[in-house]
Amino acid sequence: MRDRTTLLVCVILALLLIGGPFIPQWAMFIVTIAFAQGLVALGLMLLLRAGLVSFGQALYYCLGAYAAGALGRFLGIADIFVQMLAGALVAGVAAFVLGFLLAKYRGIFFGLLSLALSMILYGLLVKNEALGSTDGFNILPSKLFGVRPGAEWVRYAVMASAAVVSLLLALVVHRYLRTPLGRLAPAIKDNEIRVEYMGASARYAVHVKYVIAAVLAGVGGALAATTVGHIDPEMAFWTTSGEFIFITILAGTGNVIAPFAGALLYGAIRTTAYDLSPNTWQLSLGTALLLIIVFLPEGFWSLFKRHARHS
Amino acid sequence: MPVILDARGLCKNFGAVTAAAEVNAAIERDSVVGLIGTNGAGKTTFINMITGYLKPDRGSIEFEGRDITPLAPRDITRLGICRSFQIPQLYSSLSVFDNMMVALGVVLANAGRGGFFSRGHPLVPGFEAPAEEAAERLLERFGLAEYRDRNAQALPGGVRKLLDIALAMVARPRILLLDEPTSGVSAAEKFGIMQMVLDGVRAEGATVLFVEHDMEVVSRFAQRVLAFYDGRIIADAVPQVALADPEVKRYVVGRHA
């Protein structure tokens with residue numbers, strides 16, 4: 001079967017860049033947030049392929065957002081690419097350090113330890129006056145290469161930047177999945193003893209995946225910060241991590257595009273649910289997840305795969 | 001023949017149970033050695049100590065003159081000591097072919113090939129072929145070609161054993177340790193499996209140690225026998241001599257043999 005991922009990515013990017021100016025502002029916002037959340041889900045997908053579920057990926061999402069916010073608050077920098085770079089760096093360094101601890105754990109211990117770490121960050125931010133405590137703070141208006149785009153072009157500029165960076169990162173992950181280290185993921189999930197006795201270190205492989213996932217989440221957090229224009233400690237709260245897991249399960253681990261499509265679908269389900277019944281939208285969301293797990297346990301991306309197998 | 005693996009004074013206790021008491025064995029290069037003994041005699045403990053899964057309480061293991069006692073299993077594997085398992089250790093969610101591809105990927109990665117920035121199809125060291133081709137070649141050699149696309153979970157017992165051994169062969173081991181390669185395999189298949197494995201191994205020029213309960217298999221394939229009893233080696237000789245030893249007859253082979 002020929003791999004069409006690169007082609008698909010290029011088509012999506014071209015459509016967004018060319019068609020972008022013609023879609024309404026609110027749609028641009030939704031697409032941009034889907035890219036931000038999709039990046040986090042892409043990282044979770046990497047971990048999930050190795051059998052690891054992080055219940056605390058919001059840690060790196062929040063770190064990325066605060067790194068971007070701090071740039072503006074303390075240094076006056078609001079360039080969107082610099083913000084994303086800062087988010088990636090801060091999240092990556094944090095994950096590199098914490099990875100020495102987490103890469104030793106599997107299953108429920110890995111999940112709960114990651115949850116605990118994200119809640120520690122939440123606790124620290126809530127108590128921190130300089131970073132706005134529970135209220136958080138506003139982000140400086142986004143700039144692109146030092147220039148502030150015109151009011152009607154800001155959303156498009158942010159969306160286009162998000163699309164370019166996110167899809168580029170998706171291709172990087174796609175390539176990584178085909179390297180020996182990337183291929184090791186299902187092997188680690190299946191049988192770590194055999195991995196060790198083939199001369200590979202499962203712990204090292206998990207550590208690398210953990211850092212990559214954090215970097216993706218950090219970029220996503222910075223992107224969300226600059227899109228929404230405001231950040232607060234809720235970004236590290238466990239329910240935020242839950243949303244990312246929801247998206248990952250919804251999407252499945254079949255392809256690097258799936259997390260972004262999953263994030264978009266999640267946004268649609270959530271918005272519709274809120275529209276239909278503002279007081280019980282969680283009920284609709286829960287039902288949607290239930291249906292996915294029962295009927296499409298490998299995520300909605302498996303629909304395309306199934307089709308490919310039959311044809 | 002020069003000695004490739006030298007175990008000296010290995011001791012290992014699990015609480016009150018003695019799994020190894022002063023085990024000494026010098027294994028010669030390119031030899032085929034059979035390990036025999038009843039369950040709990042210390043055969044698997046011996047293999048587990050060589051491969052680093054267990055650390056001996058006392059004693060040392062040298063591989064080509066280098067002390068490997070303190071090394072982790074993956075480092076010992078990288079030096080060229082590979083093993084198969086009593087219960088096959090496979091990647092059960094993957095196909096037979098993908099099992100081989102994962103293993104070949106590790107060999108590539110350890111050789112510094114096939115990384116993120118490498119182009120095209122890097123050649124697997126030892127095979128001088130891309131991973132896909134090396135995988136097909138190994139599957140062919142171990143009679144696994146017809147199971148290529150089957151899920152590892154759904155394989156018959158003998159095939160699981162062969163795949164487990166094929167996975168151990170991917171790194172082109174200098175020493176191959178086989179823990180009961182023919183257990184759970186029908187009597188008719190046993191000789192075929194051993195023959196196939198040893199043919200495959202001899203083509204590569206590796207030393208083989210295998211644990212075996214079937215004395216017919218041992219006397220046919222082993223050049224030398226180490227008989228274990230109660231954590232000790234009670235006989236170390238060519239099969240004809242070792243299997244005729246009164247102590248071995250009494251403690252290992254049993255009356256009926």
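Strand S11 of chain B, covering residues 224-229, is joined by 5 bridges to S12(B), and the two run antiparallel; within this pairing, Leu226(B) has Asp236(B) in S12(B) as its bridge partner. The model is predicted, so local features need pLDDT of at least 70 and side-chain atom pairs count only at pLDDT 80 or more, while totals for chains, interfaces and linings use all residues. Residues are numbered from 1 along each chain as its sequence is written, and chains are lettered from A and ligands numbered from 1 in the order in which they are written.

Strands here are DSSP E runs of at least two residues and helices are H or I runs of at least four, numbered from the N terminus; two strands pair if DSSP finds at least two bridges between them. S11(B) and S12(B) belong to an open sheet of 6 strands with mixed pairing, in the order S6-S9-S10-S3-S11-S12. Strands S6 (81-83) and S12 (232-237) of chain B stand at the edges with a single partner strand each, so one side of each is left without a neighbour in the sheet. On average, neighbouring strands of this sheet are turned by 20° against each other, direction ignored.

Helix H1 of chain B (residues 43-50) packs on this sheet, touching S3, S6, S9, S10 and S11, and its direction makes about 145° with that of S9(B). Such angles run from 0 to 180 degrees between N-to-C directions, with axes fitted to C-alpha atoms, for helices over the stretch in contact, and residues are in contact if their C-beta atoms, placed from the backbone, lie within 7 Å. Helix H9 (residues 246-253) of chain B lies across S3, S11 and S12, running at about 125° to S12(B).

A further open sheet of chain B has 4 strands in the order S2-S1-S4-S5, with antiparallel pairing, and its edge strands are S2 (17-28) and S5 (66-67). Here 5 bridges join S1(B) (residues 3-14) to S4(B) (residues 58-63), and Cys11(B) has Arg58(B) as its bridge partner in S4(B). H1(B) packs on this sheet too, touching S1, S2 and S4 of chain B at about 65° to the direction of S2(B).

In chain A, the axes of helices H3 (residues 58-75) and H4 (residues 80-102) come within 8 Å and cross at roughly 135°. Residues of H3(A), including Leu63(A) and Ala67(A), meet residues of H4(A), among them Ala86(A) and Val90(A).

Definitions and conventions:
Contact = placed C-beta atoms within 7 Å.
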